[in-house]
Amino acid sequence: MSTLEISHLRMEYVDAYTDETVTAVGDVSFTIEEGEFVAVLGPSGCGKTTILNIVAGFQKQTSGSVRVGGKDVTGPSPERGVVFQSFALFPWKTVLGNVVFGLRMRGVPRRDREPIAQRYLELVGLDGFERKFPHELSGGMQQRLGVARVLANEPAVMLMDEPFASVDAQTRRKLQEDLTAIFEANRPTVFFVTHDIEEAVFLADRVVVLSTRPSRVKEVVTVPLERPRHWRDALESSDYRRTVTYITDMLAGDESRAIPADLDTT
Amino acid sequence: MVRTFGPFVPVVLIWWVIAEAEVFPPDLFVGPGTVLAEFRELIAKGILPAYLSDSFTRLWTGVLFGLLIGIPAGFIVAMSRWARRLTWPLLLFFQAIADIAWLPIVIVWFGFSLTAVTFVIVYTIVFPLMISIVSGVEEVPKDLVRAARSLGAGRFRVFTDVIVPGALPAVATGIRTGLGYGWRALIAAEIIVGTSGIGFMMFDARRAGVVTGVFVGMIVLGILWYALDALILAPFERGTIERWGMVRTAEVGR
Amino acid sequence: MPGLTSTEDALSSGVRPSRRGRNLSRRLGAAFWFAVPFVALAITWAVVVEVTGVEARTFPQITDVVRAFGEMWTSGEYLRHTGASLRRVILGALIGILTAVPFGILLGSSRWASVFFAPLLRFSVALAGIAWIPLATLWLGFGERAVIFIVWNATFFALTYNAMLGVQRIPTQLLQAARSMGTSRPRMFVEVMLPGALPSIVTGLRVGLGYGWRGLVAAEIIATSAGLGYSIFLAQKFFRTDIIIVGMITIGLLWLVTDRALLAPLERRTVERWGMKAVIS
């Protein structure tokens with residue numbers, strides 16, 4: 001039984017302004033196994049964030065099924081923790097408070113909360129910052145806090161919605177390496193949405209490539225890179241380059257039909 | 001201390017000079033010395049403290065009820081889509097009816113009484129407060145709500161742990177606005193209805209043609225509100241906003 | 001606990017309930033929903049009065065109010081009072097704007113002037129409006145001038161203070177850029193400081209008019225023999241609750257129109273169009 005099973009997922013909605021029915025997600029099926037890092041990649045407007053929202057339980061699909069651990073998804077749950085592009089940290093809580101939040105919600109006994117939270121803060125490299133508030137952290141650190149917050153709940157699958165898009169290029173590289181390291185140490189199951197091909201290939205075990213809307217799975221590409229991964233090695237690796245080129249060509253025809261980022265509500 | 005009161009020194013000096021030079025007729029304009037003397041006398045006679053306490057009592061009774069009604073009502077309306085749809089236009093409209101305008105009908109209902117005055121003050125506070133809370137709740141970033149839910153928070157917890165802290169700046173602003181209107185309504189009510197209170201005192205002095213009493217009343221009021229706003233309300237508002245780590249771009253001169 | 005429906009339909013981004021897509025229909029829809037609560041209120045009012053059989057002296061039936069309005073309209077009374085109030089507000093506010101904005105900008109442009117005047121201004125804003133009524137009637141006697149003074153007073157201080165703050169908040173780089181392009185002093189005021197301080201000025205106008213409007217009603221009750229405030233107070237003496245309610249609704253509508261049809265669009269056209277945002281007060 002796969003950790004995450006998406007089967008013939010379809011999402012339609014009515015555009016409030018044009019009164020047309022828009023099919024954001026046409027027919028998408030794929031699975032994610034336990035301990036896998038899967039990137040969901042596609043041009044702007046292909047509905048990848050919509051798929052994530054449906055898996056997270058924030059939206060309901062028009063048809064098709066989403067199952068986590070064999071059970072249908074009916075709403076948000078700590079089983080499917082989300083790392084947001086906007087960070088979504090609670091500004092009035094400290095770094096520690098943010099991580100402890102999920103533990104409190106799950107009823108973890110008071111005396112266990114801090115040690116557990118501490119552990120995850122160390123994992124993401126934020127130990128020493130427990131008493132700080134999110135606005136006192138840099139963008140990169142804030143996102144790491146977002147990751148720690150989700151991991152502390154030991155979710156079945158960690159959903160990441162273009163988490164590094166709000167961060168500058170240099171920090172992004174660093175965060176990608178940090179994320180890979182965390183992944184390789186802990187092996188959570190990860191569903192990672194992005195439009196950046198190089199990011200997807202670097203991070204993932206497999207890349208689900210989507211077409212433009214109405215989206216369907218063009219291909220699921222297995223990334224032939226060994227772990228542990230580092231950017232320096234990847235950039236020099238022919239396997240890496242080949243995979244990136246392959247996917248780039250696959251998407252090239254679709255780029256011209258992509259929807260401009262600021263109109264993309266999916 | 002010096003920074004707060006220092007700038008007033010030259011103002012008081014200029015005031016003193018204008019009064020001494022009798023730029024305006026002395027029965028219409030008095031100097032700081034006269035005002036101070038009258039102030040002392042009113043305190044000694046116990047008049048000022050008595051009136052002040054009357055005004056205060058009315059104000060705080062109204063404020064208390066206003067908060068007790070406004071805060072829960074505000075959140076209830078904010079959290080329910082239907083309640084909002086049904087009441088938002090009404091809220092806007094009732095907010096638009098100047099609180100003072102309720103005095104006549106309230107007098108018809110309750111006579112010239114404390115109840116009448118309290119009603120008006122409660123009214124002044126409830127509507128700005130509710131409106132502020134409703135927009136405050138709406139402005140809580142939806143990602144925060146989603147984050148909380150995907151961390152296991154049920155609806156009740158989302159309310160207590162995300163919505164309420166998130167809307168706190170709006171509550172603070174609403175209280176501040178409401179109070180600003182509230183004490184003004186009180187003064188007007190005291191003038192119109194009153195048998196006691198600072199508003200009454202000022203109008204009474206005016207009736208007797210004693211401008212000093214009016215000056216004393218105005219300065220006492222000004223100092224009290226200034227102190228309340230600058231020392232308690234504004235910092236509270238700013239504090240709630242700073243808990244968010246947000247920097248508001250413009251302070252509202254209220 | 002009522003459901004999180006407000007945030008929940010925000011949660012389903014991109015999924016909106018189907019509405020007639022066309023602009024006109026959408027606006028009609030919005031107008032409809034805006035009117036529904038009032039209709040509901042009117043119906044509740046009518047029903048409650050009927051059912052409880054409350055005296056007209058205490059609470060009039062909706063038909064009484066409509067009739068009172070009709071009478072006041074035909075007798076010209078309605079227009080006389082409403083016109084008086086409007087005239088005073090407009091005059092007071094206009095004089096307020098014309099005096100306060102230049103003064104406030106002037107203050108803001110000078111370091112020492114703003115430091116000197118700020119506490120005094122803040123104090124004056126704290127006191128603005130109603131608290132001046134006794135003094136105003138002493139200085140100007142009862143009547144028109146006192147009322148206009150109160151409106152002016154409320155708008156003047158709030159506007160000056162906010163204009164001053166607004167100028168102070170203009171990024172120094174902006175002023176430097178203008179200066180290095182050889183902008184003369186007067187042009188600085190008009191073409192840089194005025195637009196730059198506009199968000200604060202509009203906020204100040206909103207606050208000031210809010211106090212001014214209330215001051216107007218109070219002053220009319222206390223100090224005049226014409227105007228909406230006066231008319232509802234007079235009606236109270238005769239227990240004419242129907243007239244009172246006509247007055248109250250008028251007062252409410254006038255402010256609603258001022259705020260929504262004048263001030264909010266003003267804010268939108270200037271502040272938001274230029275990408276500047278002031279704090280919502």
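## Chain B at a glance

Chain B holds 11 helices and zero strands, where helices are DSSP runs of H or I with at least four residues, strands are E runs of at least two, and both are numbered from the N terminus. Along the sequence the pattern reads α-α-α-α-α-α-α-α-α-α-α. Its C-alpha atoms fill a box of roughly 70 × 50 × 30 Å, taken along the principal axes.

This is a predicted model, in which local features need pLDDT of at least 70, side-chain atom pairs count only at pLDDT 80 or more, and totals for chains, interfaces and linings use all residues. Residues are numbered from 1 along each chain as its sequence is written, chains are lettered from A and ligands numbered from 1 in the order in which they are written, and side-chain values use heavy atoms, leaving out hydrogens and water.

## Where chains B and C meet

Helix α9 (residues 155-193) of chain B crosses helix α5 (residues 111-127) of chain C at roughly 65 degrees, and their axes come within 10 Å. Axes here are lines fitted to C-alpha atoms, for helices over the stretch in contact, and angles run from 0 to 180 degrees between N-to-C directions. The two helices are therefore roughly perpendicular to each other (the class for 65 to 115 degrees; under 35 is roughly parallel, over 145 roughly antiparallel, and the rest oblique).

From α9(B), the contact (heavy atoms within 4.5 Å) uses B:R176, B:W183 and B:R184, while α5(C) brings C:R122, C:V125, C:A126 and C:L127. These residues divide into four nonpolar, no polar and three charged; Ala, Val, Leu, Ile, Met, Phe, Trp, Tyr, Cys and Pro count as nonpolar, Asp, Glu, Lys and Arg as charged, and the others, Gly among them, as polar.

## A helix pair within chain C

In chain C, helix α6 (residues 133-140) packs against helix α7 (residues 144-168) at an angle of about 140 degrees, with the axes 9 Å apart. That makes α6(C) oblique to α7(C).

On the α6(C) side are C:I133, C:A136, C:T137 and C:L140, which meet C:R145, C:A146, C:F149 and C:I150 of α7(C). By class, the contact has six nonpolar residues, one polar and one charged.

## The lining of a cavity in chain A

Now for the largest cavity, which is lined by A:V124, A:Q143, A:R144, A:V147, A:F164, A:L175, A:D178, A:L179 and A:I182. A cavity is a set of points on a 1 Å grid over the protein atoms alone where a 1.4 Å probe fits but cannot get out, and lining residues have an atom within 4 Å of a point. The largest share of this lining, four residues, comes from α5(A). Six of the lining residues are nonpolar, one is polar and two are charged.

Terms used
On a 1 Å grid over the protein atoms alone, a cavity is a set of points where a 1.4 Å probe fits but cannot get out, and a pocket is an open set with protein on both sides within 12 Å along at least five of seven lines; lining residues have an atom within 4 Å of a point.
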